[in-house]
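I opened the model today to look up its sheets, helices and cores. These are my notes, in the order I made them.

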Amino acid sequence: MIKLLVSDMDGTMLNSTPKLSERNIQAVKLIQERGVKVALASGRGVNNLAEYAQELELNKHDGFLIGSNGQEIYSYKTNQCERKAKIPVEIVKKIVNYALDNKLAISGNSSDNNKSYYYRPEGSLSVLFKDVQMINFDENTMFFSDEVDLDKMGLNLYNGFDANQAYDDLKEIIQGQAEVYQVSNVRIEFCGPNINKVNAVDQIVELLGFEDDEVLVLGDGFNDIKMLKKYPNSVAMANAFKEVKEAAHYITASNNDHGVALAIEKFIGD
């Protein structure tokens, strides 16, 4: 019997708009009314998940938010947000230098000063940040004007840039002092050491006293693979990468075809 649903957001719970489909909303609301707990697990920060959580009524049912790939865990029951290891400023600088050398768009956030950081160098073809100007970036020092440890960073790759090569390069540069995730063919993200979604899910499962086979997990990206491999009731979206599908035990419809709702109906009932 499934007692906890854990779903990734972009490419999974959200369609390509990106929005929640009405069918997904109703399916999630229904299982919560039946007593199933829900956790949203995303590369986005917790603050960027709040709007969707409200639509899904997680606040009414003591749900959870897992933000920044597991760096943040928010409980609606306690209204507390636990934050784990950050990316050390020395590693942030190495990532920034790599991005500048390759003209890649940079984003980052820090809960310590409640700031977000963006930089889109001239020549970057990042779609996500195409209209964003430089914020909190010092061109003289080639670093963010506030030298702080960051909760999360991301690089957006321009068209044609080899994401696999970038991933390998950055793993070599960072040397295990931060986590590197190839989220897609155009996005690489970074978290503090030993931060990942599955550790955050494990913490929630232990808190609630559930067994692994009482958890249903869904995802589509490379940062979901560990979570999908760990839990036996794991579902990849039809739009997921091949490696993600291979890690899961079941494939549902795409994020544009209410795949989350269909998985809920299969594993929990309608």
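This is a predicted model: local features need pLDDT of at least 70, side-chain atom pairs count only at pLDDT 80 or more; totals for chains, interfaces and linings use all residues.

E1 (residues 4–7) runs parallel to E2, and 4 bridges join the two. Ser7 stands opposite Leu40 in E2.

I also looked up H8.

**Entry: H1 against H8**

I asked at what angle H1 and H8 pack. For H1 (residues 22–33) and H8 (residues 259–267) I noted about 35 degrees, with the axes 8 Å apart. Their crossing is left-handed. From H1, the contact uses Arg23, Asn24, Ala27, Val28 and Ile31. From H8, the contact uses Val260, Ala261, Leu262, Ile264 and Glu265. I sorted these residues into 7 nonpolar, 1 polar and 2 charged.

**Entry: the cores**

Which residues touch the most other members of the largest nonpolar core? I found Leu40 and Leu65, in a core of 30 residues. H1, E2 (37–41), H2 (50–55), E13 (215–219) and H8 each give two or more residues to this core.

I listed the contacts of Leu40, leaving aside neighbours within four places in sequence. They are Ser7, Met9, Met13, Leu49, Ala53, Leu56, Leu58, Phe64, Leu65 and Ile66. Another core lies apart from the largest one and has 26 residues. Among them are Val92, Tyr117, Tyr119 and Met153.

**Entry: the 5-strand sheet**

I moved to the other open sheet. Its 5 strands come in the order E7-E6-E10-E12-E11, with antiparallel pairing. E7 and E11 (179–184) stand at the edges. Each of them has a single partner strand, so one side of each lacks a neighbour in the sheet. I noted an average twist of 15 degrees from one strand to the next.

Why is E6 largely enclosed by the rest of the structure? I checked E6 (residues 105–110) and found 5 of its 6 residues buried, so the strand is largely enclosed. E6 is joined to E10 (residues 152–156) by 5 bridges, and the two run antiparallel. Ala105 stands opposite Asn156 in E10. E6 also pairs with E7 (residues 115–119) in the antiparallel sense, over 5 bridges. Here Ile106 stands opposite Tyr119. The hairpin of E6 and E7 has 4 residues between the strands, and Asn114 takes a positive phi near 55 degrees.

Glu179 stands opposite Cys191 in E12.

**Entry: helices on this sheet**

H3 (residues 89–101) lies across E6, E7, E10 and E12, at about 10 degrees to E10. H4 (residues 163–174) packs on the sheet and touches E10, E11 and E12. I read its direction as about 170 degrees from that of E11.

Notes. Residues are numbered from 1 along each chain as its sequence is written. Side-chain values use heavy atoms; hydrogens and water are left out. Axes are lines fitted to C-alpha atoms, for helices over the stretch in contact, and angles run from 0 to 180 degrees between N-to-C directions. A crossing is left-handed if the near helix is turned anticlockwise from the far one by less than a right angle, and right-handed if clockwise. Contact means heavy atoms within 4.5 Å. Ala, Val, Leu, Ile, Met, Phe, Trp, Tyr, Cys and Pro count as nonpolar, Asp, Glu, Lys and Arg as charged, and the others, Gly among them, as polar. A nonpolar core is a set of buried Ala, Val, Leu, Ile, Met, Phe, Trp, Tyr and Cys residues joined through side-chain atoms within 4.5 Å. Buried means under 20% relative accessible area, exposed over 50%, partly exposed in between (1.4 Å probe, protein chains only). Two strands pair if DSSP finds at least two bridges between them.
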